[in-house]
Amino acid sequence: MKTLTVFTPTFNRADKLPQVFESLMRQTSKDFEWLIIDDGSTDNSEAVVSQFKEKSDFEIRYYWKENGGRHTAVNYSYQFLRTPYVITCDSDDELVNNAVELVIKIWASIPENEYDRYWCVTGREINSIDMKMVGTPFPENINLLRGTKKRKAILRHPGEKHCCRKVDIHKEYLFPVYKDTRFVTENIVWEKINKKYDQYCVNDVFGIYHMESSDSLSKGKKEYTYERFRSGYYASLFYVDEMFHEILINKRVILAFVNLSRCAILTNEPIKVTLSKIKEWYKKIMILGGYPISLVWIKMHKEKVEKIKKVQVVDEYEKS
């Protein structure tokens, strides 16, 4: 059995998958297999993957499913994971040449008495334009910290991360599935795991982040769509309901109180319904306080907001 699974969720990315494949062919360690979950592609992705299999020196497993969104592809992948660790490589990105070798060595270097408290090894990414690190590096002593102190340190050093996860823990946390959106931010799941386990943080670079991709979220601005705002509604509910304990250290929690009301208004969710989903009275007051701010924001963005119902398609494989 291999030590690592490289997992790639994809949707109509036949033209970009070769980039991932070539980065895997260059790996200094072949102690991995490549798991591709195709979330309902209608292009020639399967044929492209078949060509990879003829040339690769590592195992490739490809599975097609009905389209449901990136998060459903992640859920679907759990049944096929058979290695101790998994690292994601999106279909428009790539791993650095020694990524597999690095993450395996890092896991092996963690002291036995510390191993169980970590759920992932968190490394960094460089962008493909100037090959510079995205965000700021972690402090050297970060792994001496635990719990809330470590969370503070991680949140103070933002930027695109690249994580290698323990499969046993990863599989315990399914992504929620909603009927009215095909986009669910990964943070909903990762934050839940962070409440119970620590991350082992390093400044080693694992991935190359392709910001120049025409359909990357980092290229230009998000489309204002009903589906996006429903996604934002559920994410904000999560932060308000389950992450309030981090309100003093995690800006996403503070923003959630305003974003929740904004998304509720834009998707016609009644105030009473939103408030009924929150038990604590003080959170309800804070949510109500966000409505005036949201109404001002909506008025300032009236032209874009009016287009929400006109835009029907969202690329659920954009970076979140």
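## Helix packing and overall form

The axes of helix α1 (residues 17-25) and helix α2 (residues 45-55) come within 11 Å and cross at roughly 15 degrees. Axes here are lines fitted to C-alpha atoms, for helices over the stretch in contact, with angles from 0 to 180 degrees between N-to-C directions. The angle makes α1 roughly parallel to α2, because angles under 35 degrees count as roughly parallel, those over 145 as roughly antiparallel, those from 65 to 115 as roughly perpendicular and the rest as oblique. The model is predicted: local features need pLDDT of at least 70 and side-chain atom pairs pLDDT 80 or more, while totals for chains, interfaces and linings use all residues. Residues are numbered from 1 along each chain as its sequence is written, and side-chain values use heavy atoms, without hydrogens and water.

In α1, Leu-17, Pro-18, Phe-21 and Met-25 meet Ser-45, Val-48, Val-49, Phe-52 and Lys-55 in α2; contact means heavy atoms within 4.5 Å.

The axes of α9 and α10 come within 8 Å and cross at roughly 140 degrees. That makes α9 oblique to α10. Residues of α9 that meet α10 include Tyr-226, Phe-229 and Gly-232, and those of α10 that meet α9 include Arg-252, Val-253 and Ala-256.

The table gives the residue classes in each contact; Ala, Val, Leu, Ile, Met, Phe, Trp, Tyr, Cys and Pro count as nonpolar, Asp, Glu, Lys and Arg as charged, and the others, Gly among them, as polar.

| α1 with α2 | 7 nonpolar, 1 polar and 1 charged residues |

Glu-246 lies in the loop between α9 (226-242) and α10 (251-266). Glu-246 is buried, with a relative accessible area of 6%; buried means under 20%, exposed over 50% and partly exposed in between, with a 1.4 Å probe and protein chains only. Apart from neighbours within four places in sequence, Glu-246 is in contact with Arg-151, Leu-155 and Val-253.

The protein has 13 helices and 8 strands, which are DSSP runs (H or I of at least four residues, E of at least two) numbered from the N terminus. Of its 320 residues, 55% count as buried. Among contacts between residues at least 6 apart in sequence, 81% join residues at least 24 apart. The C-alpha atoms fill a box of roughly 60 × 50 × 40 Å, taken along the principal axes.
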